[in-house]
Amino acid sequence: KKIALLLFALNLSISNAQINTVSDIKITEPEFSDNIVFVDKIDGSGIQLEKQTVSLSSKFNAGSLIPVVGILSKRKYKNIIKGNSSPVKIHKNAKTFFIVKVSDNSTDPTSRINVFKLKVIKDTRTLETLSSNILETKLNDFDYLKFMGKKYGESSYIIEIDDLEVGEYAITLENRRDLFNMFSITE
């Protein structure tokens, strides 16, 4: 009886050993630079994010075909990713951790890493990057998500993002802004 009770208590304490802080994370760095993994809070394993190169789309309104009105018409440019949801599903938590492998982690991670929410339109995920007309060109101000970043291992960062809403997200690195590392936050 005592052994069974001891095993039950040991199993209960192991199952409650979740990752809540950066110091709880013990997994190895990703093998290659520019790889990003989500740190699973239950077992501490690393899950590779979905990786896709975006395509650029340009769309203009119908008024641009009319000579006088067309001068003031708007054109929008978007980054588009096929599929309306990432296969990498992350359950909504107070804190979400990622390990980002880079060639050198001596620079502040907030200047090298961007995290942002994508908009789902039909069967795509999009990010509007630029809108223009004859009078102005506006580079869209992205709502980059704030994160805490620290060195991790020899050449990685660990980033912590608080309270992500349900939706589709992407992470980009400074050397490849056209390569999106994506994930979904679910209930």
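Predicted model: local features only at pLDDT ≥ 70, side-chain atom pairs only at ≥ 80, totals over all residues.

Modeller: Two strands pair if DSSP finds at least two bridges between them. By that criterion S1 and S7 are paired, since DSSP gives them three bridges in the antiparallel sense.

Strand S1 covers residues 36–39. In a regular strand the side chains alternate between the two faces of the sheet. In S1, Ile36 and Phe38 point one way, while Val37 and Val39 point the other way. All four of these residues are buried, a word that stands for under 20% relative accessible area.

S1 has a neighbour on each side. Towards S7, Val37 stands opposite Ile99, and Phe38 has Phe98 as its bridge partner. Towards strand S2, residues 46–48, there are again three bridges in the antiparallel sense, and here Val37 stands opposite Gln48. S1 and S2 form a hairpin with six residues between the strands. In this hairpin Gly44 takes a positive phi near 75°.

These pairings belong to an open sheet of five strands, in the order S2-S1-S7-S12-S11, with antiparallel pairing. S2 and strand S11 (148–152) stand at the edges; each has a single partner strand, so one side of each is left without a neighbour in the sheet. From one strand to the next, the twist averages 30°.

Phe38 and Phe98 belong to one aromatic cluster together with Tyr169 and Phe183. A search of the whole structure finds five aromatic pairs. One of them is formed by Tyr169 and Phe183, whose rings are stacked, with 5.5 Å centre to centre and 10° between the planes. Tyr169 lies in strand S13 and Phe183 in strand S14 (residues 176–186), so the pair ties together parts that are 14 residues apart in sequence. Both Tyr169 and Phe183 are buried.

Charged side chains provide further links. Side chains of opposite charge can pair when their charged atoms come close. The count of salt bridges comes to seven. Among them is the contact of Lys95 with Asp162, at 3.9 Å from N to O. This pair links distant parts of the chain, with Lys95 in strand S7 (residues 95–101) and Asp162 in strand S12 (residues 156–162), 67 residues apart. Lys95 is partly exposed at 28% relative accessibility, and Asp162 is partly exposed too, with a relative accessible area of 42%.

A second salt bridge joins Glu165 and Lys117 at 3.1 Å, N to O. Glu165 lies in the loop between S12 and strand S13 (167–173), and Lys117 in strand S8 (residues 113–121), so the pair ties together parts that are 48 residues apart in sequence. Lys117 is partly exposed, with a relative accessible area of 34%.

Asp178 and Arg176 form another salt bridge, at 2.9 Å from N to O. Asp178 is partly exposed at 32% relative accessibility, and Arg176 is partly exposed with a relative accessible area of 34%. Finally, Lys95 returns in a network, where salt bridges that share partners join Lys95, Glu160 and Asp162.

Note on methods:
Residues numbered from 1 in each chain as written. Heavy atoms only, no water. Salt bridge = Lys/Arg side-chain N within 4 Å of Asp/Glu carboxyl O. Helix = DSSP H or I, 4+ residues; strand = E, 2+ residues; numbered from the N terminus. Buried < 20%, exposed > 50% of the residue type's maximum accessible area, 1.4 Å probe, protein only. Phe/Tyr/Trp six-rings, centres within 6.5 Å; stacked < 30°, edge-to-face > 60°. Axes fitted to C-alpha atoms, helices over the stretch in contact; angles between N-to-C directions.
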